[in-house]
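Hi,

Here is the structure I promised to pass on.

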Amino acid sequence: MGVIEEGAKKSGVLWLSLDRPRLAWHAWHDGAIYVVTGGGEQSLPGLAESGRVQVTLRSKDNGARLIAFEADVEVVDQARSAEAVAALAKERLNAVDGAGLTARWAAGLQVVRLTPREPAP
């Protein structure tokens with residue numbers, strides 16, 4: 001297991017470099033990080049349109065920076081990515097509409113996949 005995968009699995013939050021550093025909760029699923037944005041969930045302005053974003057993972061133990069990396073950004077089709085959406089919904093703490101959460105997301109929010117980029121040789 002690589003540092004990115006291990007860090008993403010151990011910590012429920014990460015930082016995204018957008019208009020300013022933004023804290024976001026997420027889920028690791030099938031080699032990528034998934035986040036949801038918009039409509040009463042976390043505000044991650046410009047993420048869906050960015051194409052690429054800088055991600056920083058911090059240690060759950062002491063809060064120190066674990067790793068920073070570039071990730072490709074892709075808005076996913078929630079119906080086709082049902083397993084990833086379910087994994088993300090499972091990480092959503094304190095949702096007021098737990099049973100209808102994924103239906104609400106499908107109706108007007110964006111689920112975004114962040115795929116870590118391989119470093120250039």
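From the N terminus on, the elements run α-β-β-β-β-α-β-β-α-α-β, which comes to four helices and seven strands. Helices here are DSSP runs of H or I with at least four residues, strands are E runs of at least two, and both are numbered from the N terminus. Before you read on: this is a predicted model, where local features need pLDDT of at least 70 and side-chain atom pairs count only at pLDDT 80 or more, while totals for chains, interfaces and linings use all residues. Residues are numbered from 1 along each chain as its sequence is written, and side-chain values use heavy atoms, with hydrogens and water left out.

Overall shape next. The C-alpha trace spans about 40 × 30 × 25 Å along its principal axes. A compact globule of 121 residues would have a radius of gyration near 14 Å, and the protein agrees, because its own value is 14 Å (taken over C-alpha atoms; the globule rule is 2.2 Å times the number of residues to the power 0.38). Of the 121 residues, 39% are buried, where buried means under 20% relative accessible area, exposed over 50%, and partly exposed in between, with a 1.4 Å probe and protein chains only. Counting contacts (heavy atoms within 4.5 Å) with a separation of 6 or more, 57% are between residues 24 or more positions apart.

Now helix 1, residues 3–10. Ile4, Gly7 and Ala8 are buried there. Looking down the axis of helix 1, its buried residues fall within an arc of 95°, so they line one face of the helix (the arc is that of the directions from the helix axis to the C-beta atoms). Their cover includes strand 3 (27–29), strand 4 (32–37), strand 5 (52–58), strand 6 (65–75) and strand 7 (110–116).

On to the strands, which count as paired if DSSP finds at least two bridges between them. Strand 5 pairs with strand 1 (residues 13–17) in the antiparallel sense over two bridges, and Val55 in strand 5 is the bridge partner of Leu16. Strand 5 also pairs with strand 6, again antiparallel, over seven bridges; Val53 stands opposite Ala71 in strand 6. Strands 5 and 6 form a hairpin with six residues between them, and Gly63 in the turn has a positive phi of about 80°.

The largest one has 18 residues, of which Leu16, Ile33, Leu47, Val53, Val55 and Leu114 touch the most other members. Helix 1 and strands 1, 4, 5, 6 and 7 each give two or more residues to this core. Leu114 touches, among others, Leu16, Ile33, Leu47, Val53, Val55 and Ala71, not counting residues up to four places away in sequence. There is also a second, separate core of 14 residues, including Tyr34, Val36, Trp105 and Val111.

Asp30 lies between strand 3 and strand 4 and counts as exposed because its relative accessibility is 71%. Asp30 is not a glycine, yet has a positive phi of about 50°; most residues other than glycine have a negative phi. Ala79, in the loop between strand 6 and helix 3 (82–91), is exposed at 68% relative accessibility. The C-alpha atoms of Ala79 and Ala106 are separated by 8.0 Å, though the two are 27 residues apart along the chain.

Cheers

Definitions and conventions. A nonpolar core is a set of buried Ala, Val, Leu, Ile, Met, Phe, Trp, Tyr and Cys residues joined through side-chain atoms within 4.5 Å.
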